Amino acid sequence: MLTETYSRLFVLPISSVLLVLGASISTVTAAEWSFEQNPIPHINDYTAAENKFVDQAEKDGSGRIACAVYVEAEFQIYLKRYPEFKNTGTLRSIFARWKRHQVYNQLSYNVCIVHVPSFKLAYLTSSVETINFHYCGRLIDTVVTKADIAALEALREAIDYANSGSPLAVETFLGFDEDYDFVALNPDVEYYFRSIIRTPQYAEPDLLDTSHLRPLLSAERLAFVDKATKTRDLDAVIATTAPCRVK
């Protein structure tokens, strides 16, 4: 029942995406695809028909999470404009690539993209008694249920978005530490995310503050993480962070 409800709320309806595709699709690989040459349109650049499509999608998606519906509608508009994009991978992979490009490369993007993983986690944690893993940077315990798998997928998506340095994505991800018992970030991992924000002029001062973390880290560890932030080497930080502490 949980999986069925979760799918209804969040999972991209494949059949509806296929309906918007044109009949002629050329062969283009994922590596060859260029979002610069095939730009993602801003909502202000939508045609009247595209705006109508979004409005109808929101009506048809009544009962689902509004942000999820809106992001999916924008994706379908992109596929309608560039049907050959569908031929560069599976529907899941191209949807992920389309979202990721916006978070990593566009200062202005649909904020719903980074909010959907948090909505997924909020729904899952309200629907099950417990999540059976703990995350501090490292992952401990066993992923044993369908809810665990879905929660871990949402968490990984949020981590990836946060590693872009987008202030909104970082803020959203760091909020998980306060909101969920199964997330308790190690000080060096939290320090890393607060230090990679790419547009600090758009971030709240509290988000940039690391004064509460620096005393918890050795000079050697601070130097290591500072070096990792310059290349966004999250893997290096996670591989060397301390074992998790459970709340």
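Visitor: Why is Cys112 counted as buried?
Guide: In this predicted model, Cys112 has a relative accessible area of 11%. Buried means under 20%, so Cys112 is buried.

Visitor: What makes Cys67 a buried residue?
Guide: The relative accessibility of Cys67 is 13%. The limit is under 20%, and Cys67 therefore counts as buried.

Visitor: How do you know that a disulfide joins Cys67 to Cys112?
Guide: The distance from S to S is 1.9 Å. A disulfide requires sulfur atoms within 2.5 Å, so Cys67 and Cys112 qualify as a disulfide. Cys67 belongs to helix H4 and Cys112 to helix H6 (residues 112-127), so this pair ties together parts that are 45 residues apart in sequence. The angle about the S-S bond is -65°, and the link is left-handed.

Visitor: How many disulfides does the structure hold?
Guide: The structure holds 2 disulfides. Besides the link already described, Cys136 and Cys244 form a disulfide, with sulfur atoms 2.0 Å apart. This link of Cys136 and Cys244 is left-handed, with -80° about the S-S bond. Cys136 lies in the loop between strand S1 (134-135) and strand S2 (139-140), and Cys244 in the segment after helix H12 (234-240), so the pair ties together parts that are 108 residues apart in sequence. Both Cys136 and Cys244 are buried. When the bonded cysteines are numbered in sequence order, the pairing is 1-2, 3-4.

Visitor: How many aromatic pairs does a search of the whole structure find?
Guide: The search finds 15 aromatic pairs. One concerns Trp33 and Phe85, whose ring centres are 5.0 Å apart and whose planes meet at 40°.

Visitor: Which ring does Lys99 lie over?
Guide: Lys99 lies over the face of Phe95, at 4.2 Å from the ring centre.

Visitor: How do you know that the span of H5 agrees with its number of residues?
Guide: At 1.5 Å a residue, the 15 residues of H5 should span 21 Å, and the end C-alpha atoms are 21 Å apart, so the two agree. The buried residues of H5 include Phe95, Trp98 and Lys99.

Visitor: What should H6 span, and what do its end C-alpha atoms give?
Guide: The 16 residues of H6 should span 22 Å at 1.5 Å a residue, and its end C-alpha atoms are 22 Å apart, which agrees.

Visitor: Which residues touch the most other members of the largest nonpolar core?
Guide: Of its 38 residues, these are Leu155, Phe173, Phe176, Tyr192 and Phe193. Elements giving two or more residues to this core include H6, helix H7 (146-162) and helix H8 (167-179). H7 gives the most, with 9 residues. A second, separate core of 23 residues includes Ile40, Phe75, Phe95 and Cys112.

Methods. Residues are numbered from 1 along each chain as its sequence is written. This is a predicted model: local features need pLDDT of at least 70, side-chain atom pairs count only at pLDDT 80 or more; totals for chains, interfaces and linings use all residues. Side-chain values use heavy atoms; hydrogens and water are left out. Rings of Phe, Tyr and Trp (its six-membered ring) pair if their centres lie within 6.5 Å; planes under 30 degrees apart count as stacked, over 60 as edge-to-face and the rest as tilted. A charge sits over a ring if NZ of Lys or CZ of Arg is within 6 Å of the ring centre and within 35 degrees of the ring normal. Helices (H or I, at least four residues) and strands (E, at least two) are DSSP runs, numbered from the N terminus. The expected span of a helix is 1.5 Å times one less than its number of residues. Buried means under 20% relative accessible area, exposed over 50%, partly exposed in between (1.4 Å probe, protein chains only). A nonpolar core is a set of buried Ala, Val, Leu, Ile, Met, Phe, Trp, Tyr and Cys residues joined through side-chain atoms within 4.5 Å.
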